[in-house]
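I am opening a notebook on this structure.

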Amino acid sequence: MPDPVLLDRLRAAVEANFDAEVAFLQEIVRFPSKRGQEAPLQDWIARDMAARGYAVDRFTIAETPLAAHAKAAPMIEADAAASVQVVATHRAANPTGRSLILQGHIDVVPEGPLEMWTHPPYAGVVRDGWLYGRGANDMKAGVACMIWAMQALRSAGLEPAADVHVQTVTEEESTGNGALATLARGYRAAACLIPEPTGHTITRAHTGTLWFRFRVRGVPVHVAQAQQGTNAILSAMHIIQALQAHTRELNAAARSDRWYSGIQDPIKFNPGIIRGGDWASSTPAWCEVDCRIGLLPGTEVSDAMAAVERCIEQSRAGDNFLANNPPEVLWHGFQADGFVQEPGSEAEAVLGATHAQVFGAPMGERITTAVNDTRYYGLYYDMPALCYGPSGEGNHGFDERTSLESLRQTTLCLAGFIADWCGTRELAAP
């Protein structure tokens with residue numbers, strides 16, 4: 001538990017820096033860091049962290065041995081050579097504390113029609129205690145928290161007594177390969193904390209995620225003779241209905257799961273993108289649908305993939321065209337395991353004690369039906385992987401926003417956690 005005097009010292013530093021922290025968050029929100037467009041923001045962060053005195057490692061996914069890793073996901077529609085990762089390291093001389101990874105993703109999802117936003121999605125507008133923008137909450141607020149938590153220690157005249165790797169990664173919203181690339185690069189620590197927007201709770205469990213595309217091909221005819229041709233869009237709808245039925249079966253089985261029995265329909269299936277046809281008066285000869293489906297922790301990814309393929313194969317029997325023309329299935333993104341951070345780690349105890357001091361109440365936990373990067377650290381590299389961060393609204397939606405008061409409190413909580421977990425040393429007077 002952080003010393004109350006030390007926590008007050010850190011609180012004063014957070015308060016003194018807070019306007020600069022909000023300005024920092026506004027600046028990084030102004031970068032439209034969608035998939036494939038993250039490099040300008042990563043370069044800006046690399047320069048900023050170097051100016052703060054960190055040893056900065058800027059590298060692309062292609063510069064790591066990621067391809068050889070069993071859990072690397074296919075990046076069919078993204079360029080690994082253009083996907084930039086940044087690791088800014090505080091190196092402790094003669095370290096005595098426990099090392100730490102602080103990691104946050106800077107990639108964001110598309111903003112959708114601009115006219116449906118109250119404020120421009122990349123303006124970083126501050127109003128009534130909220131900061132608005134695509135990625136403001138998911139998860140650039142968390143990125144600001146972790147960077148400015150480290151800055152609070154420095155402003156308070158302290159430094160961590162152990163190595164701390166501050167990482168900003170890409171691909172969290174599509175494959176997770178950014179986080180995995182940092183591990184393939186060799187970065188390790190005694191614990192990892194990812195400040196996703198959890199509303200000051202720890203993520204106890206997250207589901208896995210699969211991305212796939214199915215394609216239907218056929219023969220177009222004039223719609224006046226529709227019965228003589230094929231309609232790939234209607235055949236695709238038939239497959240979607242089969243996948244919905246498959247999802248209902250998975251959710252029925254989930255009612256006996258240790259972690260997800262109390263969550264209604266934890267397996268989410270989403271046909272997220274559909275393309276098809278060439279002309280309104282021609283039966284569509286092609287259709288392709290990009291889909292996302294979840295899986296419970298403990299389910300093998302290969303088994304979940306095989307089940308999807310089996311469902312699509314079996315659906316052919318109910319469609320005259322598909323019966324003789326098998327659709328193509330392409331796996332093109334997430335192949336992510338679910339993960340449970342089991343209770344009882346020392347890192348969680350330290351975070352919980354700090355949270356209680358800052359917020360005056362015990363730290364809650366959440367079970368989520370979304371995926372995050374903790375699986376890599378906890379499931380494959382055997383380190384405590386804490387997902388805990390600020391609060392906001394509208395992730396992946398219009399008018400996404402993050403709470404500035406939550407930003408302030410979470411920054412203090414992370415600073416206290418770093419101080420307790422890593423230990424501190426007084427900085428030498430300049």
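Which residues form one aromatic cluster? I looked this up and found Phe24, Phe31, Trp44 and Trp148. I note at the outset that the model is predicted.

**Entry: aromatic pairs**

I counted the aromatic pairs and got 8 in the structure. One of them joins Phe24 and Trp44, with 5.6 Å from centre to centre and 50° between the planes, a tilted arrangement. I then checked where the two partners sit: Phe24 is in helix H1 (residues 4–29) and Trp44 in helix H2 (residues 39–51), so this pair ties together parts 20 residues apart in sequence.

Phe31 belongs to the loop between H1 and H2, while Trp44 is in helix H2, so here the parts tied together are 13 residues apart in sequence. I list both Phe31 and Trp44 as buried.

**Entry: charges over rings**

I searched for charged groups over ring faces. Arg401 has its charged end over the ring of Trp130, 3.7 Å from the ring centre. I also recorded Arg154, which lies over the face of Tyr54 at 5.3 Å from the ring centre.

**Entry: largest pocket**

How much space lies in the largest pocket? I noted about 1100 Å³. Its lining has 36 residues, and those nearest the centre are Val109, Glu173, Trp211, Phe334 and His396. I sorted the lining by class and got 11 nonpolar, 12 polar and 13 charged residues.

I then asked which strands contribute. At least two lining residues each come from strands E10 (208–217), E11 (269–276), E12 (286–295), E13 (328–336) and E15 (364–368). E11 provides the largest share, 4 residues.

**Entry: second largest pocket**

For the second largest pocket I wrote down a volume of about 200 Å³. It is lined by 15 residues, and Leu250, Leu295, Leu296, Thr299 and Ala304 are the closest to its centre. By class I have 10 nonpolar, 3 polar and 2 charged residues in this lining.

Which element gives the most to this lining? I found H6, with 4 residues. Helix H5 (232–253), E12 and helix H6 (301–315) each supply at least two of the lining residues.

Key. Residues numbered from 1 in each chain as written. Predicted model: local features only at pLDDT ≥ 70, side-chain atom pairs only at ≥ 80, totals over all residues. Heavy atoms only, no water. Phe/Tyr/Trp six-rings, centres within 6.5 Å; stacked < 30°, edge-to-face > 60°. Buried < 20%, exposed > 50% of the residue type's maximum accessible area, 1.4 Å probe, protein only. Lys NZ or Arg CZ within 6 Å of the ring centre and 35° of its normal. 1 Å grid on protein atoms, 1.4 Å probe; cavity = no way out; pocket = protein on both sides within 12 Å on 5 of 7 lines; lining within 4 Å. Points joined across faces, edges and corners; volume = space filled by probe spheres on them. Nonpolar A, V, L, I, M, F, W, Y, C, P; charged D, E, K, R; others polar.
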